[in-house]
Amino acid sequence: MSIINHKSRRERMLDEFSKNNFPVWGFFLLLAIYLVGAYFVRISSSSTRIVFLMGQPLPLRSLTGAFSSIFNLCVVLMVVIYKKPGLFVSLIAIAVQYIPIVISLIQGDATAITGFFVNSFIIITVLLLYKYIAKMEKSQEKMRNLAVTDRLTGLPNRFAVSELSDARIKKNEPFAVAIVSLNNFKGITNALGQQVGDQILIQIGKRWQSLADSGKTGTKDLVAFRKNNEFAVVVSDYVSEDDLYNTLACYEEALREKLIIDNCDFTLTASIGYSSFPEDAYNTETLLNNAYTAMYKAYKTTHSGCIVRFTPDIIENDASIEIERKIRYALENGHVYFNLQPQYDMNHKLRGFEALARIKDVNGKQISPVDFIPVAEKAGLVDSIDREVFSSAAKFFGGLLKKKNSDLTLSVNISVHHLLRMNFIEEIHEILASSGLPAKNLEIEITESVMIESVEKAMDRIKQIKEMGISIAIDDFGTGYSSLSYLSNFPADVIKIDRSFIMNMSSGIEAKRYVAAIIAIGHIMKYKVIAEGVETQNQLENLGEAGNDFIQGFLWGKPLEAEEAAKLIAEA
Ligand code: C2E
Ligand code: MG
Ligand code: MG
């Protein structure tokens with residue numbers, strides 16, 4: 001198939017959503033008004049008849065100007081709305097008037113001179129108007145093409161996918177959208193650089209584009225590049241579900257052939273998820289979301305490539321896929337942010353704040369860290385969340401401390417996986433330098449249960465952090481079964497008694513004694529003690545009697561938005 005054919009096939013699909021929306025019947029209506037107007041101009045200009053308009057007698061001849069304006073307006077509207085066909089019809093219609101006028105003029109009829117000038121003027125006007133509109137359209141078309149084309153691969157981009165999908169839904173035409181994600185693409189770019197990654201995307205894009213253009217899949221397909229390692233294929237004109245699956249299998253198959261870039265061979269696999277209209281969704285957003293969910297399912301199932309159709313039970317059966325998708329969306333779109341929960345000493349004097357991660361989904365709905373942190377840990381995304389919260393909270397807090405000349409502490413939660421990353425120390429240096437937050441005002445919270453599993457590896461890192469002047473808190477203390485010998489050697493500054501122990505305090509004397517014992521042991525080990533989840537006055541009093549140092553809980557302060565926390569600091 002020729003290149004011209006390839007282009008026209010893809011362009012035809014893209015053009016579907018940019019077609020002129022004015023109906024054909026409007027064209028004929030304008031033509032009819034024009035002809036009626038022209039007819040009346042002709043008979044009125046030579047008539048001596050009197051007509052009555054709103055009860056007033058008027059010579060028909062006096063309405064010639066009005067009729068003439070109507071048909072001139074029709075001529076202009078024809079060109080503006082229907083462009084080329086409008087121009088042709090207008091020129092023919094004007095010529096029908098114009099030719100007899102020119103003939104009369106040649107025959108020496110001087111009265112035809114007005115008609116001659118008026119019609120000549122209209123012809124020039126419509127030609128100039130058409131030229132101007134054509135020029136405008138050309139530049140608009142250029143801009144539109146830029147807006148719907150991906151610069152790297154030259155393929156249609158995600159806006160093109162959404163627009164095409166919207167257009168199909170509007171016309172009620174069945175189609176499917178597949179999200180195709182290249183597996184291990186990040187690993188390749190991390191190892192070999194972004195340039196190699198870009199070449200891979202370009203070559204795969206070309207390969208899939210020519211597959212779509214060749215018509216070998218048997219369906220009408222549009223291949224688009226969305227972002228990072230993701231492509232999309234919009235498939236239509238399939239007869240059965242098998243046809244649709246076979247088309248997507250063709251794209252997967254096309255990947256199996258080796259790619260050669262800079263003398264290196266690559267064989268990639270892809271995870272493909274798809275969902276179709278009208279079976280799975282009635283709007284583009286849900287359709288794409290469903291395709292994403294199916295793609296994650298495909299990825300989770302094999303990690304090496306398979307095709308999964310969206311079914312509602314994917315969401316029901318595997319909520320974590322949905323949460324992982326939401327985390328990725330939040331990270332990519334800046335929807336990860338932080339709340340600050342105040343910590344007080346036993347005299348209600350502000351000690352500082354703990355930064356707590358928050359994310360919002362595509363509808364702006366908040367998801368609890370209790371739900372998303374475990375999923376983020378499993379999916380390897382927790383480092384990115386920690387980093388986002390750490391850097392934005394440090395920036396906010398550093399600026400605030402400087403402004404208020406205050407000495408409060410900012411606590412951040414860091415996962416052990418993140419703590420053990422090679423460049424974690426440089427990351428802290430960078431964040432402290434760019435935020436202006438002094439190291440002595442920073443506290444890093446590490447959850448006890450996870451830390452004791454990797455205590456040997458973590459110990460060195462924790463010592464390095466402490467040498468920088470940053471303090472260490474053991475979070476959720478009491479849930480990790482740490483032995484006393486390990487505790488006495490651990491270079492922490494603070495232990496945070498887990499909320500479950502504080503909650504139990506109201507249940508009886510035993511639980512109170514247990515908490516008192518933790519506080520006493522903490523003090524023997526020279527740690528400061530923070531009680532988490534203090535909700536009642538009674539808990540507060542018992543903690544005071546046991547010699548507890550600080551509290552964090554709803555009784556004195558819930559997690560606050562950054563601006564509210566700033567107000568609290570100002571008041572303090
Ligand atoms: P955490 O570090 O132990 O944080 C304390 C949690 O207890 C927070 O829940 C806080 O809102 C809640 N809390 C505090 N006082 C009370 C109270 O009086 N009553 C009740 N019912 N709850 C209280 P949140 O914000 O849902 O965070 C849950 C956990 O998610 C955190 O527990 C922490 O383990 C994790 N997390 C939060 N942000 C991050 C982060 O940026 N990175 C990492 N790795 N983990 C985070
Ligand atoms: Mg914490
Ligand atoms: Mg805790």
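**Entry 1**

Strands here are DSSP runs of E with at least two residues, helices are runs of H or I with at least four residues, and both are numbered from the N terminus. Two strands pair if DSSP finds at least two bridges between them. The model is predicted: local features need pLDDT of at least 70, side-chain atom pairs count only at pLDDT 80 or more, and totals for chains, interfaces and linings use all residues. Residues are numbered from 1 along each chain as its sequence is written, chains are lettered from A and ligands numbered from 1 in the order in which they are written, and side-chain values use heavy atoms, with hydrogens and water left out.

I checked tyrosine 337 and found arginine 358 of β11 opposite. Four residues lie between the strands of this hairpin. Histidine 348 takes a positive phi there, near 70°.

**Entry 2: the other partners of β11**

Which strand pairs with β11 in the parallel sense? I found β13 (residues 409-413), with four bridges. Phenylalanine 353 has leucine 410 of β13 as its bridge partner.

I then turned to β12 (residues 366-367), which runs antiparallel to β11 and is joined to it by two bridges. Isoleucine 359 is bridged to isoleucine 367 of β12. The hairpin of β11 and β12 has five residues between the strands. In its turn, glycine 364 shows a positive phi of about 85°.

I also checked burial (buried means under 20% relative accessible area, with a 1.4 Å probe and protein chains only). In β11 (residues 350-360), 10 of the 11 residues are buried, so the strand is largely enclosed by the rest of the structure.

**Entry 3: helix α17**

I looked at α17 (residues 455-467), which has 13 residues. From first C-alpha to last it reaches 18 Å, close to the expected 18 Å. The expected span is 1.5 Å times one less than the number of residues. Its buried residues include Val455, Ala458, Arg461 and Ile465. Glycine 469 follows α17 with a positive phi, near 95°.

**Entry 4: α13 against α22**

How do the axes of α13 (residues 382-404) and α22 (residues 562-571) cross? I found an angle of roughly 25°, with the axes coming within 11 Å. Axes are lines fitted to C-alpha atoms over the stretch in contact, and angles run from 0 to 180 degrees between N-to-C directions. That makes the two helices roughly parallel (angles under 35 degrees). Contact (heavy atoms within 4.5 Å) involves residues including Phe396 and Leu400 of α13 and Ala566 and Ile569 of α22.

Definitions and conventions: Buried < 20%, exposed > 50% of the residue type's maximum accessible area, 1.4 Å probe, protein only. Parallel < 35°, antiparallel > 145°, perpendicular 65-115°, else oblique.
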